[in-house]
Amino acid sequence: MTVMLPGDTNVVNELGNTDVAKIDVDVATPSVVLFDFDGVLIHGDAFYLFIRERYVRSLWRPLLALLCLPLLLVQLPFSRRLPVRTLVRIALLGVGEKRYQAIASGFAATLARRPRQFCRDGLHALRRHQASGDRVIVVTGCEHVLVNGILQQLGLVNLEVLASQLRPGWLGMRPYRHNVGKQKVQQLAQHGVTAWQAAYSDSLHDVPMLKPATQVILVNGTPTLCKKVEKALGRAITRVEWF
């Protein structure tokens, strides 16, 4: 962008011609800062807590899961995700889209009131970035409706959220897109974000998201985890202890 300096309307250039003095001003763009959610802003896994609550409050869902135990044991050697998906589908059996939104929003409100459930230091760091004018994006494997409800209950607004998604099925809501690993980078690209200055995480699974970051902050990582992340990235990282 070009602007005129006050009082410099008759500056003579080297050729002796009268001209208007001009300077180039770089328009500052906000830094992009990524936050994982589970283990960074909340202690534990929010969607796991939600699914566990579904089983605790039901009599027949645990029984159905028990009947499906042979299937779960068959699935386990091939993938840990398959039995988890099965348990999620049982937890959401018979739950349509509108009903799920109401249940997830209600649980978000309950969770937000639990003492010591959330990482105070993490929430403060996020708010500091917002106050500094940074573009803050929460990139999480937690389900979209649930994590948005929690963030709103915590008073965190003007946030961009990229999360896992469910979709309606014949028997209820079912997993659709699990936003973990490389999927996080793909969702960021689809969102129009291809570069970021800082990324907060607590997991080795986030290495694809951490690699492009100028600054990597590992939250409450053990020395072993820190070494693994640094080895995967090929550079030093910043480690923080948050409560």
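Student: Are Lys184 and Asp206 buried or exposed?

Tutor: Happy to walk through this one, keeping in mind that the model is predicted. A residue counts as buried under 20% relative accessible area. Lys184 comes to 2% and Asp206 to 3%, so each falls below that cut-off. Lys184 and Asp206 are therefore both buried.

Student: How far apart are the closest N and O atoms of Lys184 and Asp206?

Tutor: Lys184 sits in helix α8, while Asp206 is in the loop between β9 and α9, 22 residues away. A salt bridge needs a side-chain nitrogen of Lys or Arg within 4 Å of a carboxyl oxygen of Asp or Glu. The Lys184–Asp206 pair forms such a bridge, with its closest N and O atoms at 2.9 Å.

Student: Which residues are linked with Lys184 in a network of salt bridges?

Tutor: Good thing to look for! Lys184 also forms a salt bridge with Asp36, at 3.2 Å between the closest N and O atoms. Asp36 lies in the loop between β5 and α1, so this pair ties together parts that are 148 residues apart in sequence. Joined with Lys184 in the network are Asp36 and Asp206.

Notes
Residues numbered from 1 in each chain as written. Predicted model: local features only at pLDDT ≥ 70, side-chain atom pairs only at ≥ 80, totals over all residues. Heavy atoms only, no water. Buried < 20%, exposed > 50% of the residue type's maximum accessible area, 1.4 Å probe, protein only. Helix = DSSP H or I, 4+ residues; strand = E, 2+ residues; numbered from the N terminus.
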